[in-house]
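Take the model below and walk through it piece by piece. Keep the sequence at hand.

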Amino acid sequence: GGWDCTDTFNIIHEGARVIGQDKKPSVLTLKFASVVPDPVFPKLEPREGAGGPRMLGFTVANCRNLPKMDRFGLCDGFVEVVYEGEVFTTQVVKNSLTPDFLQQFDIPIDDVAQPCTRDVLLRVLDWNQTSAADLVGEARIPAARMSEILRAEPGLADTEGFALSLKGKDVVGQSTEKAVLNLKIRMLEIPPAFHEVERDDAAAGPRRVEVTVCTVNHLPKMDGLFGRCDPYCIMSYDGMEHKTEVRKNTYDAEFNETFILDAADAAAGVASDCVFTLWDWDAASKDDEIGGVKISAARMSEIFSGRLETEATETFTVMAEGKAVRGNDLHKTELVVKVRVCEAPIPFAAMAPEEGAAGARRLELGVSSVKSLPKMDGFGKCDAYAVLTFEGAEYRTETKKNAYEAVWDAVFPLDSWDVAKGVESDCEVKVWDWNSTSKDDEVGSFKIPAARMSELFRASVGESARDSFTVMAEGKPVIGHDRVRCEVALSVKVCEVPRAFPMVMPTEEEVKGPRRLDITVASVAHLPKMDGMFGRCDPYAVLGYEGIEYKTATVKNTYECEWNETFSLDSMDASKDAVSDCVVTLWDWDAASKDDEIGSLKIPASRLSELFRASIGSSASETFSVMAEGTRRPVVGHDKSKCQLVLQVTVSEVPLIFPTVEMSEEEVSGPRRLDMTLASVQSLPKKDMFGKCDPFATLVFEGIEYQTEVKKSAYEAEWNETFSLDIEDASKGVRQDCTVTVWDWDAASKNDQIGSFKIPAARLTDMFRGKIGSAGVEAFTVMEAGKPVVGHDKNRCMVKMNVTVCEVPKPFANIEAAEGTTGPRRIEMTLRSCMHLPKKDGLGSKCDPYAIVMFEGQEFKTDVKRSTYDADWDEQFNLDVAHAEKPLMTDLMVHVYDWDMVTKNDPIGVLTISATRMEELFRSELHSEGQETFPIISNGDPVIGHSGQKCVVDLRVRVVECPFAFDEPAEEKEEEKEEEKAGTSAGA
């Protein structure tokens, strides 16, 4: 500020300099000066550290030098003050160029430390009777300066004259002087409401404030020529409204009505303002709002934290649109309110939460009785019943007719599935008066807050208590026929959530071996409305266990239905704990969109383990509450009752698969083979429009798939195809089930799956350890979606299989060892090929295989075959031994690798022929030969190629004489000499 400068500018027109009459370029000389304007209201300087609530007072004093705005008059001026989007308007002063307003607006500010977000707009307008008001001019107080004014010392005031402008120009009045608006601002301290209530810093836990609306004085005239005002007051807090009675035709009313406000934790404060609104009741039209009073949430938090039993009374000025309401006598309308701070009664105070409580718990909440009911019926007393609401579900007692006291003794179970997390829903009890011909009347209600419900759930199991609760209506206690407060007696008991099917318990004896649970999905009731305006629900249930899903039929357009469909869950060894929960999920079927999940229930794996160990023949029925997805709250049906699913369970034996396969009495180890024969299938369903069914079957074991031939257009088919399943070591058992799938072949489209069944890994392990030569025959039911496949003849579709336990044949079984073979020998081993290799390289490449043969310290390597799944090497290697009669120390190993140019080569798998078998081959007759294919192994499992078949190596061997003699090491020669000497001495 305080500087000036002068500069000259050329005048340009259409890109060229303008030339004057004197043939010189035209120039414009400008002088610039910097001026810092004085701040408005200079006496109101900001105070450092100012904060908290204040009262901002705007006084619109007058306007001077206004322009003439009307044709036949002067100006009908009024002023609008726009503060933070809220508009405050003065009265209109008619036909004056120097109007005096002298009108004050008091604006409460919650916290002066918070900066203003908008400029304060001051607008002077000219009122018109038949059209919109005309803008005379306006001025602004910048938001930054207004923020400073708010932080001024309370009690200070200042007056400022604002020159009016319009469209960037000063407004000039009829006297040719600038039009001016004179405004006064003052900052006032706002004493806190109920300042006698001092905050107690140690306050914590539930608190109650009793608020009494005492009187209202100096009410304005609100009714017509012969009326005054019919006032009533509504107190709004935390989303609830509490209303006084109406006082008719008065300017001063006494209410003296008390309302109860509760806070769950005084230390945490509250988030809701408390607002008192005065209304004028009208018989024939909408009630008129007179004005209101607000106590901020911050002050309410302080009041809730006040010292117990503190009382205070406050007189509030009723405000409307930022101005004090003036009564019929021109005095400010005043509302008198009284507060009392007290402890909130704790429901069931004797019950304390248990430290470390977790898991599922149940509260048995009993609605016992009610007394001191009000008279609700014209020619009777009260027909009372109660409705308990928790987490959206409603529980209703019976109705007690024509009584002022009622005994229900109804007990309702409320469950929490993890008490450590607490609950989010209050427990509300409503008392109703039943009416036969009209809508039932609500007598009143009360709540147990969610925070207290969470504590009750965490109380010790078995703990119980009783308590009485005052019934409230519109924030006030309900007064009975006997002028005594209406009260409801409740009882509560903390219990464990009962286990599923409690009548079925595990036996005391040790249970081993296979067991079966037959679970029947019987029925469902109280379903919610899931479909549109004209629909109900189309339910079906899906039972999931160990990754398998079993599905019931869909029942259309109903709120309750029966299925009575049974599904079998098997445990191959009941002594071992189940690892999977059993989950039953309810769905609503939709024709045109994705099905909607209604809810689910779960039987934990630990409980299933107990059920599997129960006595054979044990059975029970149980009703389960269906829980909503992700919330663990009960699903509430169309009738406000819990949605419930009925299940039945029966414990039975699992029929043993291939029962005639005998277990070996000795410990079994090493390689074993099962010859599985897919013999036949019968009772196939119709799958083709103009035919029957074209069945074939696939058998999958340890990732390898075997397929039968296709039988055309038949409902019964015979395959009689045998597949050999091998394992390297029967003592280690089998990790995967054997799955047989029946398909319908289609010529022009994807084959259709008819169904499948499994032979469990545990049973396969037993059969691999069976006696060599043991055999069995079994008929299996083909299953689809957890249910048996029903054939064209309405019978179950069945597959017949045969199994035989065999030894795995020796490598090159046609070559037998000869007796007395000694000396050097050679095996000419030809590594012919490797087929069905897996994909090992990136996009566009296959596999670059080569093999390394390792034997007794000798190592041979084949060529690399590029980008192929079938490698033909046909390379011969000579394996030599010096003494065929001596035992070998190492196995023959053929390692297959994938060659990589840049990185380390990747191992694919290995073929191993034991040292024992190699000894036999070296000792066989000269010129013995054989050829065989061997699967290659990786991490104990056969390597599966890109085609889904086992990767195999083709080997050929031939036994010949070794064409050269081996030089014996010196140590061996010395040993032979020593042996000769020992023999000579012995002979002597």
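**A strand residue with positive phi**

Asn-564 is found in strand S38 (residues 561-571). Strands (E, at least two residues) and helices (H or I, at least four) are DSSP runs, numbered from the N terminus. Phi of Asn-564 is near 55°, a positive value in a residue that is not glycine. Most residues other than glycine have a negative phi. Asn-564 is partly exposed, with a relative accessible area of 46%. Here buried means under 20% relative accessible area, exposed means over 50%, and partly exposed lies in between (1.4 Å probe, protein chains only).

This is a predicted model: local features need pLDDT of at least 70, side-chain atom pairs count only at pLDDT 80 or more, and totals for chains, interfaces and linings use all residues. Residues are numbered from 1 along each chain as its sequence is written, and side-chain values use heavy atoms, with hydrogens and water left out.

Glu-84 also has a positive phi, of about 50°, although it is not a glycine. Where does Glu-84 sit? Its place is the loop between strand S6 (77-83) and strand S7 (86-89). Glu-84 is partly exposed, at 32% relative accessible area.

Now step back to the whole chain. The domain assignment gives domain 1 (54-189), domain 2 (207-343), domain 3 (348-496), domain 4 (515-653), domain 5 (665-807) and domain 6 (825-961). These bounds come from an automatic or database domain assignment. The C-alpha centres of domain 2 and domain 4 lie 54 Å apart.

The UniProt record, an unreviewed entry, carries the annotation "domain: C2" over residues 36-157, 186-313, 342-464, 498-624, 655-775 and 807-931. UniProt positions are given in the numbering used here, feature names are shortened, and annotations may be inferred rather than shown by experiment. Over residues 186-313 the chain is 6% helix and 43% strand, with the end C-alpha atoms 27 Å apart. Over residues 807-931 the chain is 6% helix and 42% strand, and the end C-alpha atoms are 19 Å apart.

Next, the sheets. Two strands pair if DSSP finds at least two bridges between them. S31 and S34 (residues 487-495) pair over 7 bridges. In S34, Leu-490 is the bridge partner of Asp-467. Contact means heavy atoms within 4.5 Å. Axes are lines fitted to C-alpha atoms, for helices over the stretch in contact, and angles run from 0 to 180 degrees between N-to-C directions.

Another open sheet of 4 strands has the order S46-S43-S52-S49, again with antiparallel pairing. Its edge strands are S46 (717-727) and S49 (775-781), each pairing on one side only. The twist averages 20° from one strand to the next. S43 (residues 672-682) and S46 pair over 9 bridges. Leu-725 in S46 is the bridge partner of Leu-674. Helix H5 (residues 761-768) packs on the sheet, touching S43, S46 and S52 (798-807). Its direction makes about 120° with that of S43.

Strand S41 (residues 619-625) shows two faces. In a regular strand the side chains alternate between the two faces of the sheet. In S41, Ala-620, Glu-622 and Phe-624 point to one face and are buried. S41 runs antiparallel to S42 (residues 644-652), joined by 7 bridges. Ser-619 has Thr-650 of S42 as its bridge partner.

Why is helix H6 (residues 915-922) largely enclosed by the rest of the structure? The reason is that 6 of its 8 residues are buried. They are Ala-915, Arg-917, Met-918, Glu-919, Leu-921 and Phe-922. Their cover includes strands S53 (825-835), S54 (849-855) and S56 (871-881).

Last, the cysteines. The structure holds 0 disulfides, a disulfide being a pair of cysteine sulfur atoms within 2.5 Å. Cys-495 is in none; the nearest cysteine sulfur, that of Cys-427, is 15 Å away. Cys-495 is buried, at 13% relative accessible area. Cys-797 is in no disulfide either, with the nearest cysteine sulfur, that of Cys-693, 8.0 Å away. Cys-797 counts as buried, at 0% relative accessibility.
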